[in-house]
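Here are my notes on the structure you sent. Please keep it open while you read them.

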Amino acid sequence: MSPSEELPLSAQPGDAFPLLTVRALDATATYDVFERGKHAYALKNYTEAAALFTLALQTLQSDLLSVILLHRAAAYEMEQKYDLAVIDCHRAIPDEPSPRADAYFAKANALLLQNDLNGAFRVYEKGTKCVPQSSTQHAELVTRRDQLLVELDKQNRWMARRLPLELVYNVLSYLPMRSRAQLASTCRFWHNIVLRNWADMWATIDVTTKDVPKYSRGMDRFLQAVSPDQVSTVKLDLYDVTTIDLGVTVDTVKPTDIINRSRCTAAAMVRLNWNNIVVLEIHNPSESPFCSILEFVKDTLQILKIRSAHDNNYHAHALDDAARICPNLRSVTQSITGRRIGFDLQLGPVLHPSDLHLAQLILSSPIASGALAQLLENSPYLTSLVVNADSSTHHTGILRMIHRHCRVLRTLSYIEGHSSSKLEPTYSLSPGALPNDGLQSLEIQIRTSGIDGTDKVLGMILRASCSTLETLKIDAVHTNVSDILQSCALKGITRLRTLDIKQSCGLSSDLCQFISACRSLEIATFRGSLFWCPEVLSSIQQLPLRRLAMIMDDKDTKPCNDAASSMKTLIAQMHELSNFTIGFGSQHNLPDHFVVEVAQVIGDNSSIRELDLQSIPMSNSQLVRVLDNLKDSQVRKLKLELLTRIGVKVLKVLKSFIHLEYLQVHYPVKRSIEKRVLDDFFDSRESERLLVLKITTPMGQYVKGSRRTTVAPHETSL
């Protein structure tokens, strides 16, 4: 289809009016009920009279009002005011299923004129369920729904042809290999796009996942279809593989597991001449197959990644073999995991034959100070260091070594915590002389108390990087960080863009001075009661922040009334703020009406598009007041935490939101989600913009979707 071709219109202005079944207002039924109510009143039967008057009102509203609304929608349609026509049609459809098809026809026609084929299809679908099959118009609803389904299929294919190929390829890059193959088998158009025209289809061959065919026939077709010149990245697992046999095929070895799939792929790589491999990732290497594969790719290989367990005896020699065989190698990364990893693994020798030097290091293991000092001293080109230490580590001594030896370090992350043992060094070509002006990213997390000298070493590291630091994250609850920050402010810290700091002690004046010095700060997270002082909030208000998080971690501390007033002023005055997070350690230190008042400020005059209230557990009554203040705001993405199930009143307020596109609700305890409630919620959003709802519970469980079928069974328990 050429770009000039257009799909035929599915509707024309004026199509809705002939479908209206009621052309004249008939109040006879309403009048009869009204007269019966008057008669019951005269007989002093007031209960029956009230019930009859209520029935008369309901009849008047449901019948006469809907007739007038649908006729006005038809008039709006002729004026090409389709958005007003959709609103009238939506009002004409009552909450309960309507047996009349008028409103469904009229609303679908208005949506079609707005080119909303999906919306019109949903209206017809709902009409087929609500209008009785005995009705003469039920068959017409079914026919129009089926015709629209065919039209949607045509439009989808038409839209794919109208999209720029660069955009199509970008979407395809996010699909796993299995999905790409399924798409290519749907029609000739997608077969040509995916398998013939898209150069990156075979860019990465990864057999360490379940993304490739599992059985012999599928794996054989997969390897035969690979375009050898397009493959640039290969990932294999050589566990228990002793040699590469070029005669190995899917007929001789059933590719039912990762190991056999890797054997078949490695043999096909050599046999079919995949001659453009730049990146190679090998899991669990052994000497003979590892060297055989390297010999084949040595002319093109530039990046090598090796992953193995700590008990693999070959990883100490893999670097030497890689440097010896591959002359064009630019980067080698080793990832070693296990229960206990130390520096006795011979990480060390500088690879003079290929001029490779240690550039990055990730270390999660018990640290021997002497071995670490020797390694750092022999690594003059180390630019990135991540250390996950345990509480028994001498943090002050380790940080002092890093400050002394790592002169060209750009990224430092030092975290005290419990993690699995892991060692991941990355070697690269020597870049020549590197500037030693300071760090660009620093993350420090030390929670052990009683450590002498930590604040002094932190001060030395920070002051040496004031002019270069762009990202700073500090969580040292037993260290008086405010003094360190105050000294940095005096020296100047003009390039800082991202700040995440936790502090509950110290002088607020020192923090004010530091915050005022960060004139380029865009993203900030402040944790602790010290940041809720009015003077600190006033300093934050002067920053050009795009994202701000204010977290009260101290469970026994409650912000003062002045802090609440300063927080509302901050939100009202920060016109560039688009993402805001606010939270408290527990519900007990939450000031009365605080969140409700903050929500009112956001709803009245704020540019905030993303609002996170997940750290504030709320009851349904609290949430109703908060949401009522937010319904007219600019918030597109909202995150909440509830103590109970989502109530009817909460859903009623959510229906009136104007701009909401994403809603995430977290239950702190495991609860059931009623399908009936979600059905009602999605049905009420039918005429609104797309809304994605995500409901999470502990242990990472969640349901997510944007349709009534988000949760299938009744009373689904997450």
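The points below cover the basis of the model, some strands, one serine and the nonpolar cores.

1. This is a predicted model, in which local features need pLDDT of at least 70, side-chain atom pairs count only at pLDDT 80 or more, and totals for chains, interfaces and linings use all residues. Residues are numbered from 1 along each chain as its sequence is written, and side-chain values use heavy atoms, with hydrogens and water left out.

2. Strand S10 (residues 441–445) pairs with S8 (residues 411–416) in the parallel sense, over five bridges. Strands here are DSSP runs of E with at least two residues, helices are runs of H or I with at least four, and both are numbered from the N terminus. Pairing requires at least two DSSP bridges between the strands. Within this pair, Glu-443 of S10 is the bridge partner of Ser-413.

3. S10 also runs parallel to S11 (residues 471–475), joined to it by five bridges. Here Gln-445 has Asp-475 in S11 as its bridge partner.

4. Ser-262 belongs to helix H11 (residues 258–271). Is Ser-262 buried or exposed? Ser-262 counts as buried because its relative accessibility is 0% (buried is under 20% relative accessible area, exposed over 50%, partly exposed in between, with a 1.4 Å probe and protein chains only).

5. The largest nonpolar core has 156 residues, of which Phe-514, Leu-548 and Phe-580 touch the most other members. Helix H21 (residues 594–604) gives the most to this core, seven residues. A nonpolar core is a set of buried Ala, Val, Leu, Ile, Met, Phe, Trp, Tyr and Cys residues joined through side-chain atoms within 4.5 Å.
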